Amino acid sequence: MKENTSQQLSKNFRIVTKNDLIVRERKTINAKIKGQLNHGDIVQIIEKKRNWTYVHFSNYEDSKIVEGWVFTRYLKQIR
């Protein structure tokens with residue numbers, strides 16, 4: 001893999017490390033649920049705010065793009 005591609009993957013994408021990770025509309029525990037991720041899913045990072053990360057991913061069930069907030073601690077850097 002080219003170095004530039006590897007750097008982009010490492011910087012902008014993460015692997016989910018938890019099953020049933022809830023994706024929320026806002027960065028609060030009581031916010032509306034927009035989707036769910038599972039261990040091994042890959043997400044693209046849009047923005048980070050403290051313990052929350054705004055991600056973008058493709059929903060496998062209906063192939064729609066979903067965006068929302070997840071807990072940062074359940075995202076692992078791709079190496």
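The following questions and answers concern a predicted model of one protein chain.

Visitor: In what order do the elements of the protein chain run from the N terminus on?

Guide: The protein chain contains 1 helix and 7 strands. Read from the N terminus, the order of these elements is α-β-β-β-β-β-β-β.

Visitor: What percentage of the residues of the protein chain count as buried?

Guide: The accessible surface of the protein chain is about 5,800 Å², and carbon and sulfur atoms hold 45% of that surface. A residue is buried when its relative accessible area is under 20%. Of the 79 residues in the protein chain, the buried share is 29%.

Visitor: Among contacts between residues at least 6 apart in sequence, what percentage join residues at least 24 apart?

Guide: A contact requires heavy atoms within 4.5 Å. Among contacts in the protein chain that link residues at least 6 apart in sequence, the share joining residues at least 24 apart is 41%.

Visitor: Which residue of β4 is the bridge partner of R14?

Guide: Strand β1 covers residues 13–16 and strand β4 covers residues 42–49; the two pair in the antiparallel sense over 3 bridges. Within β4, the bridge partner of R14 is V43.

Visitor: Which residue of β5 is the bridge partner of K49?

Guide: Strand β5, residues 52–58, runs antiparallel to β4, and 5 bridges join the two. Their hairpin has 2 residues between the strands. In β5, K49 has as its bridge partner W52.

Visitor: Is R50 buried or exposed?

Guide: R50 lies in the loop between β4 and β5. Its phi is positive, near 50°, in a residue other than glycine, whereas most residues other than glycine have a negative phi. Because the relative accessibility of R50 is 84% and the cut-off for exposure is over 50%, R50 counts as exposed.

Visitor: Where is D20 found, and what is its relative accessible area?

Guide: D20 is found in the loop between β1 and β2, the latter being residues 21–24. Although D20 is not a glycine, its phi is positive, at about 60°. D20 is partly exposed, because its relative accessible area is 44%.

Visitor: Why does V66 count as buried?

Guide: V66 is found in strand β6, residues 65–71. Leaving aside residues up to four places away in sequence, V66 touches K34, V55, H56, F57 and N59. The limit for burial is under 20% relative accessible area. V66 therefore counts as buried, its relative accessibility being 9%.

Visitor: How many Å apart in space are V66 and V43, C-alpha to C-alpha?

Guide: In sequence, V66 and V43 are 23 residues apart. In space, the C-alpha to C-alpha separation of V66 and V43 is 9.9 Å.

Visitor: Over the ring of which residue does the charged end of K18 sit?

Guide: For a charge to sit over a ring, it must be within 6 Å of the ring centre and within 35 degrees of the ring normal. K27 lies over the face of W69, at 4.8 Å from the ring centre. The charged end of K18 is 5.6 Å from the centre of the ring over which it sits, that of Y74.

Conventions
Residues numbered from 1 in each chain as written. Predicted model: local features only at pLDDT ≥ 70, side-chain atom pairs only at ≥ 80, totals over all residues. Heavy atoms only, no water. Pairing = 2+ DSSP bridges. Helix = DSSP H or I, 4+ residues; strand = E, 2+ residues; numbered from the N terminus. Buried < 20%, exposed > 50% of the residue type's maximum accessible area, 1.4 Å probe, protein only. Areas by Shrake-Rupley, 256 points an atom, 1.4 Å probe, with all protein chains shown as cover.
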